Amino acid sequence: MTSTTPKTVAIFGATGAQGAPVVREALSKGHTVRAVARDAAKIAALHPNAVAVAADLSDEDAVAEALRGVDAAFLHFPMPSGPDDSQNWAAAFFAAAHKVNLPLLVYVTGGPSGDRFPSSAIVDGTTQGMTAVLGSGIPSIVLQSAVYLENLQPEIFLPGLRSEGKLDYPPIPQSMKMQWTSHLDQATLAVAALSRPDLAGQSFEIGTPQALTGAELAELMGKWVGRNVAFDPMTPAEFGTRVGNALGSPGAAFALGDLYGAIAKLDGDDMAVDTDALEATFGVKLTSVADHINSWS
């Protein structure tokens, strides 16, 4: 059962798209929050009711100070800029966590993971990260996110949505149902997990209720943009090239094309997550995809 006793928690990546909602959710539940990121001024401006802690994930001593005395911590790794970043961050974080005897870690994979997904560079990497966390010796709960719902907001993902009524992302078959994870639902689950040491050692696939076909998603997106929208998916490789070109990153082009190529090998509702079970396990109420999209400005 979820404890209602306020905790002292450290939230890493507190100014990012994933960590910031966790800070807000934890504060709303009455927890004392150490909001951790590299820029203390940015943390303080974004989260004035949290304790701003400046720390770089590669700095073991700074991470240890951020963790010292907390009841639990939330962690996800940002997008690496170099080939050794993730390994260096993990080594520093877990050395620090052992140094201060961190009681509980809630870790988010940041993307699809686990052996039910076809192999891809991203899936293999997130799965390896999950395995490393669970084998770290730190009591940990892993939340395995699906594809982030907020991917539907940037124009680089959907340049023809408003101008042409064309929904060509996600690059999946017409018959497949995509499982999405909203940053907000992930935050709800993560904060609940911070009070659940009894679940340590387990991993949970998480999602936002309502896995959808492309056509079902197009109907919801049409209401958001105020026009008829049709689902006309590009190929995974085309999508990777679109985003890779926008970012100026051939590596991103390959990785995203590879990831969505793996996802597209699934069929029907193969990707769907049992969100009723998640709600029962964590004692929370999640928000449907439709309601999230309706709330977007």
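Contact here means heavy atoms within 4.5 Å. Helices (H or I, at least four residues) and strands (E, at least two) are DSSP runs, numbered from the N terminus. The model is predicted: local features need pLDDT of at least 70, side-chain atom pairs count only at pLDDT 80 or more, and totals for chains, interfaces and linings use all residues. Residues are numbered from 1 along each chain as its sequence is written, and side-chain values use heavy atoms, with hydrogens and water left out.

Start at helix α1, residues 19–28. Of its 10 residues, 7 are buried, so the rest of the structure largely encloses this helix. Buried means under 20% relative accessible area, exposed over 50%, partly exposed in between (1.4 Å probe, protein chains only). The buried residues of α1 are Gly 19, Ala 20, Pro 21, Val 22, Val 23, Glu 25 and Ala 26. Their cover includes strands β1 (8–12), β2 (32–37) and β4 (72–75). Helices α2 (40–46) and α7 (183–193) are also among the covering elements. Just after α1, Gly 30 has a positive phi of about 90°.

Now the sheet. It is open, with 7 strands in the order β3-β2-β1-β4-β5-β6-β10, and the pairing is parallel. Two strands pair if DSSP finds at least two bridges between them. β3 (51–54) and β10 are the edge strands, each pairing on one side only. Neighbouring strands are turned by 20° against each other on average, direction ignored. Axes are lines fitted to C-alpha atoms, for helices over the stretch in contact, and angles run from 0 to 180 degrees between N-to-C directions.

Strand β6 (residues 140–144) runs parallel to β10, joined by 4 bridges. Here Leu 143 stands opposite Phe 204 of β10. Helix α5 (residues 121–134) packs on the sheet and touches β5 (105–108), β6 and β10. The direction of α5 makes about 165° with that of β6.

The aromatic rings come last. Rings of Phe, Tyr and Trp (its six-membered ring) pair if their centres lie within 6.5 Å; planes under 30 degrees apart count as stacked, over 60 as edge-to-face and the rest as tilted. The count is 12 aromatic pairs. Phe 93 and Phe 94 form an edge-to-face pair, 5.4 Å centre to centre with 85° between the planes. Phe 93 is buried at 0% relative accessible area. The rings of Phe 204 and Phe 282 have centres 5.0 Å apart and planes at 75°, so this pair is edge-to-face. Phe 204 lies in β10 (residues 202–205) and Phe 282 in helix α11 (residues 275–282), so the pair ties together parts 78 residues apart in sequence. Both Phe 204 and Phe 282 are buried.
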